[in-house]
Amino acid sequence: MANRYKKRIADILLDRKLEGIGAVLIEGPKWCGKTTCAEQKAKSIVYMNDPKKSSMYMQLAKMSPQTLLEGECPKLIDEWQLAPSLWDTIRFEVDHRDGEGFFILTGSAVPSRTDEIQHTGTGRFARIKMRTMSLWESEDSTGIISLGALFNGSAQTAITDEKSLEDMAFLVCRGGWPKATIQKKEAALERVFDYYDAVVNADISRVDNVERDAERTKKLMRSYARFQGSQTSISKIKDDVKANDAMTVNDDTIGSYIKALEKIFVIEDMPAWNPNLRSKTAIRTSDTRYFVDPSIAVAALGLGPKDLINDLNTFGLLFETMCVRDLRVYADALGGTVYHYRDKNGLECDAVVHLRNGSYGLIEIKLGGDSLIEEGASTLKELAGKIDTTKMKTPSFLMVMTGLGDYAYQRDDGVWVVPVGSLKD
């Protein structure tokens, strides 16, 4: 099948950023499409990891970094973190040129040698966090319901293409890797295992040039996968790893492994939401554990679509991870952030999309079934009733996000029921 570029929400974000600032950094996991996205806009390119030219580029970065910046703009510097000193050179160039939109940087890891960077880049650089494809971007969602429309009150009841349990299991296991979305099912399911193998055998050590054990990395990722969608403490994850690790391992070692996975954008935990409530209630502040894509958890656990269908509990947790991924992508387009809520009484809301203007929507995620939808709606209404609307806005919407269903509709009580396969930004 010939490659065909599928439009990304990041395309719009990149255009928007380049109009107002000198340089834009696109960060995210390997294989998520950063370079391809940037190539659509760039007019000249330097691939820092080009095997035929990387040695020359590294020498130029040390001896004459301005040379790498020559060419028509926007100029793309791909995998810039291989030569961190370029950051300050680009910042200097931006300061001494008139206009905006000169450079695009892409990076699949945080630089290991941040001591080479002297300036934060404030006012010169903008950042875009790119993730794997949402279902709308991979063309697995009809996009008939817009998150933006839910916020502004213009969403309408609509018929959508119903997906089966088997469809959902496949989408969770395939993930949003761009290459996988254009391949046949069997080949597509293998892509994440290739990614997983690269992470445990190479990337986790290359990120900061610290040798890490592949088997220990597998155990850590397996533990993280089991705790997807929970507020499990890092210490408990460490204990879980140590209980299954015959070798002596201390907390600092496990901590360094987790930090390395964060630096290569494998892990993306969700912060807690702290609203104003009518009565004092202790709100849990622990982050919620997530991989950046549900398929990573699938690979860590060694599962496939049939395994998920035979274990609906695990399926539900990994379906939630997929929905959170999509919500994060859509929220970025609206200038929003996705949070999680949980209080001392056990009241929990899977996702809160909070926009810069103070508007927010409350979301419960359920794979499917009338009883689970009813349970989710009840939770949303209970939380909405606790919010002090004299100190913050009322929720723009309450939504139960589902895997199954052929309608996106608003119930009599005001709660929206929206299949993930009908949602877009």
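1. D343 is placed in the loop that links strand 8 (336-342) to strand 9 (348-355). The model is a predicted one, and in it D343 has a relative accessible area of 0%. Since the cut-off for a buried residue is under 20%, D343 is therefore classed as buried.

2. Leaving aside residues up to four places away in sequence, D343 touches T281, A282, I283, R284 and K386.

3. S223 belongs to helix 9 (residues 214-226). Its relative accessibility is 0%, so S223 counts as buried. Residues up to four places away in sequence not counted, S223 is in contact with I237, D240 and V241. Between S223 and L301 the C-alpha to C-alpha distance is 8.8 Å, although the two are 78 residues apart in sequence.

4. Five strands form an open sheet in the order 2-3-4-1-5, and their pairing is parallel. Strand 2 (44-47) and strand 5 (125-129) are at the edges; each has a single partner strand, so one side of each has no neighbour in the sheet. From one strand to the next, the twist averages 20 degrees.

5. Which residue of strand 5 stands opposite A23? That residue is F125. Strand 1 (residues 23-27) and strand 5 run parallel and are joined by 5 bridges.

How values were computed:
Residues are numbered from 1 along each chain as its sequence is written. This is a predicted model: local features need pLDDT of at least 70, side-chain atom pairs count only at pLDDT 80 or more; totals for chains, interfaces and linings use all residues. Side-chain values use heavy atoms; hydrogens and water are left out. Two strands pair if DSSP finds at least two bridges between them. Helices (H or I, at least four residues) and strands (E, at least two) are DSSP runs, numbered from the N terminus. Axes are lines fitted to C-alpha atoms, for helices over the stretch in contact, and angles run from 0 to 180 degrees between N-to-C directions. Buried means under 20% relative accessible area, exposed over 50%, partly exposed in between (1.4 Å probe, protein chains only). Contact means heavy atoms within 4.5 Å.
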